[in-house]
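I opened a notebook for this chain and wrote down what I looked up, in order. The sequence and the structure come first.

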Amino acid sequence: PWDRAVTGRTRGIDVFNNFQDKCREVGLDLVNLESVCTDGAPSMTGKRVGFIAQIKKVLSDPDALISFHCILHQQNLCAKTTILSDTLQQVISIINYIRANAKLHRQFRNMLKLDDEAFSVDLPYHCKMRWLSQGQVLAKCLSLREQIVKFHEEQNVNY
């Protein structure tokens, strides 16, 4: 029953009306709502016309509503900090050195296949379009750090 997308404008009132309609369809009373998690967009958090403001208008005790920023969006904002950005750029350059050259990439995969401790046989590409891939790339590099260092030492490459 929650499959209808908001079409057209996505102002706070539009999102609220869609949300309220869905709550009525499934028999949920907004009075019982205790917290709201949003992406932090102005249409969601605006003080007068945002989604949260619209919800507070129908509650008997609007100050009791707890609203917070989604943890995934918080992680995305944190990932954009300079320190992590520098680290990510360094990791991407290390991966690109291995992945950009077919011969080196093949040698690295063969080295991983020979290593009994390696659970995976490849490094993932990082995709800037999907910020969740950053965590996957960093996690994979961390798990293969010894093999990556060994490979770079064999290639006489310093970072």
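**Entry 1**

Is E25 buried or exposed? I looked up E25 and found it exposed, with a relative accessible area of 52%. The side chain of E25 meets that of K22 in a salt bridge (3.6 Å, N to O). A salt bridge here is a side-chain nitrogen of Lys or Arg within 4 Å of a carboxyl oxygen of Asp or Glu. K22 is buried, with a relative accessible area of 6%. K22 and E25 are three residues apart in helix α1, so about one helical turn separates them.

**Entry 1: what kind of model this is**

I note that this is a predicted model, with residues numbered from 1 along each chain as its sequence is written. Local features need pLDDT of at least 70, side-chain atom pairs count only at pLDDT 80 or more, totals for chains, interfaces and linings use all residues, and side-chain values use heavy atoms, with hydrogens and water left out. pLDDT is the predictor's confidence in each residue, from 0 to 100. Among the elements, helix α3 (residues 51-58) has the highest mean, 92. Helix α4 (residues 71-79) has the lowest, 65.

**Entry 2: the chain as a whole**

I listed the elements next: the protein chain has eight helices and two strands. Helices (H or I, at least four residues) and strands (E, at least two) are DSSP runs, numbered from the N terminus. From the N terminus on, the order is α-β-α-α-β-α-α-α-α-α. Of the 159 residues, 30% are buried. The accessible surface comes to about 10,900 Å², and 54% of that belongs to carbon and sulfur atoms. Accessible areas come from the Shrake-Rupley method with a 1.4 Å probe; for residues, only the protein chains shown count as cover. I also checked contacts, meaning heavy atoms within 4.5 Å. Among contacts with a separation of 6 or more, 57% join residues 24 or more positions apart.

**Entry 3: the other salt bridges**

How many salt bridges does the count come to? The count is three. R24 forms one with D21, the closest N and O atoms being 3.6 Å apart. Both lie in helix α1 (residues 12-26), three residues apart, about one turn of the helix. R24 is exposed at 56% relative accessibility, and D21 is partly exposed at 31%. The side chains of D14 and R11 also meet in a salt bridge (3.0 Å, N to O). D14 counts as buried at 19%, whereas R11 is partly exposed at 38%.

I looked up Q20, which is in helix α1. At 17% relative accessibility, Q20 counts as buried. Leaving aside its neighbours within four places in sequence, Q20 is in contact with L30 and V58. In α3 I found F51, I52, A53, Q54 and I55 buried. What covers them includes α1, β1 (35-38), α2 (42-45) and β2 (66-69).

**Entry 4: α8**

Which residues of α8 (residues 145-154) are buried? They are Q147, I148, F151 and H152. Seen down the axis of α8, these buried residues fall within an arc of 130° (taken from the directions from the helix axis to the C-beta atoms), so they line one face of the helix. E146 and E153, on the other side, are exposed. After α8 comes N156, whose phi is positive, near 60°.

**Entry 5: nonpolar cores**

A nonpolar core is a set of buried Ala, Val, Leu, Ile, Met, Phe, Trp, Tyr and Cys residues joined through side-chain atoms within 4.5 Å. The largest has 14 residues, and I148 and F151 are among those with the most contacts inside it. α5 (82-100), α6 (102-114), α7 (132-143) and α8 each supply at least two residues of this core. Apart from it lies another core of eleven residues, among them C23, L30, M44 and I52. I98 is also among the residues with the most contacts inside the largest core. Leaving aside neighbours within four places in sequence, I98 is in contact with residues including L104, F108, L123, I148 and F151.

Methods. Buried means under 20% relative accessible area, exposed over 50%, partly exposed in between (1.4 Å probe, protein chains only).
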